[in-house]
Amino acid sequence: MQKIKILTDSCADLGADVRAKYDIDFLKMRTVDDGKETPADLNDVAYITGLYQKIRETGKRILTTQVPMSEFERGFTEAIEAGYAVIYIGCAVPMSSSVNTGSMVAKQLLEKYPDAIVRCIDSTNCSMGEGMLAVYAATLRDEGKSVDEIVGAVEEKKHYVNQFVTVGSLDMLKKAGRVKGSAAFFGNLLGVKPIIISDYNGQNVPIVKVKGRKASLDKLVSLMAESVIDPSSQTVYVAHADCAEDAEYLRRELIEKVGFKDAYVYFIGPIVGVCIGPDAIGAWCFGKKVELAI
């Protein structure tokens with residue numbers, strides 16, 4: 001049976017515990033602060049929380065980069081030379097060019113390794129949505145599915161990832177330009193919190209506005225309840241931008257009121273985090289097909 005390596009990237013926001021459990025590796029993007037590039041390491045909690053602290057203190061926009069070509073070359077080559085077929089599940093193309101770069105590097109490597117198998121998938125998601133799909137792919141691999149079977153299943157499943165995210169402030173979203181039409185849709189209304197989904201194509205889109213923090217958290221719960229299918233059989237994924245108390249509240253409400261089997265909670269990592277800002281929080285599950293396309 002073909003050995004298969006599942007790779008994702010720094011946008012996937014999975015902690016070391018889940019990645020170890022499912023044998024998932026990640027390729028590192030970069031954050032850029034005052035011209036200094038730092039590998040976006042999902043394992044380095046001090047680095048992640050330090051970014052949030054700096055944004056809180058200065059309001060400064062920290063830049064990000066896609067996965068460098070050299071990182072793709074390293075990750076793909078190591079897996080190929082160890083006898084693996086590679087499936088890379090990357091951040092949504094509207095958010096990052098990493099999937100396109102990965103596909104280019106894979107094509108180049110086939111000249112040196114003509115028998116290699118490297119498949120690159122646009123997850124049409126980021127953060128835990130991307131991470132969930134990596135876990136799903138790893139589960140299929142462990143069930144003995146082939147590369148083609150896994151790729152086909154992930155390509156289908158990615159449109160059933162339901163994301164509901166709210167923010168602490170609109171400031172970082174406006175600076176990063178990551179939410180289409182956010183300024184025009186919401187303006188600069190004090191206390192207004194957008195609820196953001198990932199649409200069919202992977203664009204982050206605000207769908208509703210809520211006044212106040214607790215109301216926005218409760219709205220996340222109600223939207224998940226409307227969208228999820230068979231919650232008692234699945235784990236809900238919660239990610240937060242350095243607001244652990246709110247994450248615990250959201251975790252508890254999702255289990256008690258929506259009926260999820262359990263919940264996995266981790267940080268919104270360095271790449272997504274510096275774009276969305278401190279105190280952002282969201283939840284992800286598999287549910288109804290996402291049809292909205294902006």
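## Pockets

On a 1 Å grid over the protein atoms alone, a pocket is an open set of points with protein on both sides within 12 Å along at least five of seven lines, and lining residues have an atom within 4 Å of a point. The model is predicted: local features need pLDDT of at least 70, side-chain atom pairs count only at pLDDT 80 or more, and totals for chains, interfaces and linings use all residues. Residues are numbered from 1 along each chain as its sequence is written, and side-chain values use heavy atoms, with hydrogens and water left out.

The second largest pocket has 16 lining residues. Nearest its centre are Leu7, Asp25, Phe26, Arg74 and Glu78. Its space is about 230 Å³, where a volume is the space filled by probe spheres set on the points, and grid points are joined across faces, edges and corners. Strand E1 (3-9), H1, strand E2 (24-27) and H3 each supply at least two lining residues. Helices (H or I, at least four residues) and strands (E, at least two) are DSSP runs, numbered from the N terminus. H3 gives the most to this lining, with 5 residues. By class, the lining of the second largest pocket has 8 nonpolar, 1 polar and 7 charged residues. Ala, Val, Leu, Ile, Met, Phe, Trp, Tyr, Cys and Pro count as nonpolar, Asp, Glu, Lys and Arg as charged, and the others, Gly among them, as polar.

The largest pocket holds about 340 Å³ of space. It is lined by 15 residues, with Tyr22, Val135, Thr235, Tyr237 and Lys261 the closest to its centre. Helix H1 (16-21), helix H5 (128-142), strand E11 (235-240) and strand E12 (262-267) each supply at least two residues. H5 gives the most, with 4 residues. The lining of the largest pocket splits into 8 nonpolar, 4 polar and 3 charged residues.

## Cavities

A cavity is a set of grid points where a 1.4 Å probe fits but cannot get out. The structure holds 2 cavities of 30 Å³ or more.

## H3 against H4

H3 (residues 69-81) and H4 (residues 98-112) have axes that come within 9 Å and cross at roughly 50°. Axes are lines fitted to C-alpha atoms, for helices over the stretch in contact, and angles run from 0 to 180 degrees between N-to-C directions. That angle makes H3 oblique to H4. Angles under 35 degrees count as roughly parallel, over 145 as roughly antiparallel, 65 to 115 as roughly perpendicular and the rest as oblique.

H3 contributes Met69, Phe72, Glu73, Phe76, Thr77 and Ile80 to the contact (heavy atoms within 4.5 Å). H4 contributes Ser98, Thr101, Gly102, Met104, Val105, Ala106, Gln108 and Leu109. The classes are 8 nonpolar, 5 polar and 1 charged.

## Other helix pairs

H9 (residues 213-227) and H10 (residues 244-258) pack at about 35°, with axes 10 Å apart. Among the H9 residues in contact are Leu217, Leu220 and Val221. H10 residues there include Tyr249, Leu250 and Leu254. This contact has 9 nonpolar, no polar and 6 charged residues.

H5 and H6 (residues 147-157) pack at about 150°, with axes 10 Å apart. Leu133, Tyr136, Ala137, Leu140 and Arg141 of H5 meet Ile150, Ala153, Val154 and Lys157 of H6. By class, 7 are nonpolar, none polar and 2 charged.
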